[in-house]
Amino acid sequence: MTTYDFAIVGAGIAGASLAAELAEAGSSVLVLEAEDQPGYHSTGRSAAFWEECYGGPEIVPLTIASGAYLREHGFLTPRGALYIGRESDAGELDAFMSRFADSGATIERIGRDELEGRVPGLRESWTSAIWEPACADIDVAGLHAHYLGRARQLGVGIACRARLAAASRTDGVWTLADTKGETYRATVLVNAAGAWADDVARLAGVKALGIQPYRRTVAQLRTDPAPDADLPLVLDIAGSFYFKPETGRVWLSPHDEDPVEACDAAPEELAVAEAIDRFEQVVDWKVLALERKWAGLRSFAPDRLPVYGFDPQVEGFAWFAGQGGFGIQTSPAAARLAAQLLTGAASDEMTRTIDATLYSPARFP
């Protein structure tokens, strides 16, 4: 039986990107995916934007470092983003500007006149905003396929319908079994299981880190007028909604974050209704139809930062998890950084300015 250098659990954007980077470094890699196809859960349900401030100042270095790769390979389409607020939100807008002042993100305050020009039909109560010009749409399916294709070309094995059922380590080698009874061997087991990250850790006899899945709901609306194709991503500075245009429709979220068990997430009717109500308080457009709705899972560690690197207590077990809603937009730099951490390679131009200790599993007691 082949013993791989790395076995990665999960073939979403995290597992696919890391597999490609590890294989590029010369490692033999196997990816185990529980579902029928890679990317079924969070990766396939993303709202699909790259936004410099998303995730907080500690995530900005990963996002900016990923931007050049995403642009170079044609995965970004310029969009722009607006964090909008009412008069009562002036303090939150000021705090946002201060929080990201030295982060490297490009942001500026704008007033009502400029805001009206960017969001037609904006209701009078919305008086000011923060403009983020670098925000872009991401071709999520294309990016995921890119990494899967790179991985396969470099000899990575990708096994679907291979849900991990058992993991044990003897003499420096993991023996892994899936629910079908197939077995695999690897020197290092990498946990890239997203919402199931703590479950995978427990299977391997590793202490769970408290990575919690949260449900995020998105609805597609047909409106009158239809949104302009160049409408920015519009986010509430208070965090109660965001929306963007998508092929003549509106993609809208109530920015919900309900803690749930790891599951095949489904949208809640109340969340959809709240989203539409909030949307109608922002613009004077008519909502003609709710065309579809869906939900995905975002998974966070207790401090809301991702977890990259070897577990400090169990040899040969590594984490690549807890990436919240920013795992797609940070995937190039995150995967490169994690591959360097796992192989002992030096930082390169993409990762040189990233402080890996912020994301180390060793930060947890």
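Is Lys-293 buried, partly exposed or exposed? Lys-293 is partly exposed, with a relative accessible area of 32%; here buried means under 20% relative accessible area, exposed over 50%, and partly exposed in between, with a 1.4 Å probe and protein chains only. Welcome to a predicted model, in which local features need pLDDT of at least 70 and side-chain atom pairs count only at pLDDT 80 or more, while totals for chains, interfaces and linings use all residues. Residues are numbered from 1 along each chain as its sequence is written, and side-chain values use heavy atoms, with hydrogens and water left out.

**Overall build**

- The protein has eight helices and 20 strands; both are DSSP runs numbered from the N terminus, with helices being H or I of at least four residues and strands being E of at least two.
- The radius of gyration is 21 Å, close to the 21 Å that the globule rule gives for 365 residues, so the protein is as compact as a globular protein of that length. This radius is taken over C-alpha atoms, and the globule rule is 2.2 Å times the number of residues to the power 0.38.
- Along the principal axes of the protein, the C-alpha trace spans about 70 × 40 × 40 Å.
- Of the 365 residues, 55% count as buried.

- Three strands make an open sheet in the order 3-8-4, with antiparallel pairing; two strands pair if DSSP finds at least two bridges between them.
- Strand 3 (49-50) and strand 4 (76-78) are at the edges and have a single partner strand each, so one side of each is left without a neighbour in the sheet.
- Strand 4 is joined to strand 8 (residues 136-138) by three bridges, and the two run antiparallel.
- Pro-78 has Ala-136 in strand 8 as its bridge partner.

**The second largest pocket**

- This pocket has a volume of about 530 Å³. Its 25 lining residues include Cys-53, Gly-55, Gly-56, Arg-99 and His-255, which are the closest to its centre.
- How is a pocket found? On a 1 Å grid over the protein atoms alone, a pocket is an open set of points where a 1.4 Å probe fits, with protein on both sides within 12 Å along at least five of seven lines, and lining residues have an atom within 4 Å of a point. Grid points are joined across faces, edges and corners, and the volume is the space filled by probe spheres set on the points.
- Helix 3 (90-99), strand 14 (233-236) and strand 18 (286-300) each supply at least two residues of the lining, and helix 3 gives the most, with four residues.
- The lining divides into 12 nonpolar, five polar and eight charged residues. Ala, Val, Leu, Ile, Met, Phe, Trp, Tyr, Cys and Pro count as nonpolar, Asp, Glu, Lys and Arg as charged, and the others, Gly among them, as polar.

**Salt bridges**

- The structure holds 23 salt bridges, each a side-chain nitrogen of Lys or Arg within 4 Å of a carboxyl oxygen of Asp or Glu.
- Arg-202 and Asp-199 form one of them, at 3.1 Å from N to O. The two are three residues apart in helix 6 (residues 197-203), and are therefore separated by about one helical turn. Asp-199 is partly exposed, at 36% relative accessibility.
- Arg-215 and Glu-268 meet in another, at 3.7 Å from N to O. Arg-215 lies in strand 13 (residues 212-224) and Glu-268 in the loop between strand 17 (258-259) and helix 7 (269-280), so the pair ties together parts that are 53 residues apart in sequence. Arg-215 is buried at 14%, whereas Glu-268 is partly exposed at 41%.
- Glu-269 pairs with Lys-293, their closest N and O atoms being 2.4 Å apart. This pair links distant parts of the chain, with Glu-269 in helix 7 and Lys-293 in strand 18, 24 residues apart. Glu-269 counts as exposed, at 52% relative accessibility.
- Salt bridges with shared partners join Glu-21, Glu-24, Arg-150, Arg-336 and Asp-348 into one network.

**Backbone details**

- Most residues other than glycine have a negative phi, and most peptide bonds are trans.
- Asp-224 and Pro-225 are joined by a cis peptide bond, with omega about 5°; Pro-225 is in the loop between strand 13 and strand 14.
- His-255 has a positive phi, near 60°. His-255 lies in the loop between strand 16 (249-253) and strand 17, and is partly exposed at 26%.
- Arg-304 has a positive phi too, near 65°. Arg-304 sits in the loop between strand 18 and strand 19 (307-310), and is partly exposed at 34%.
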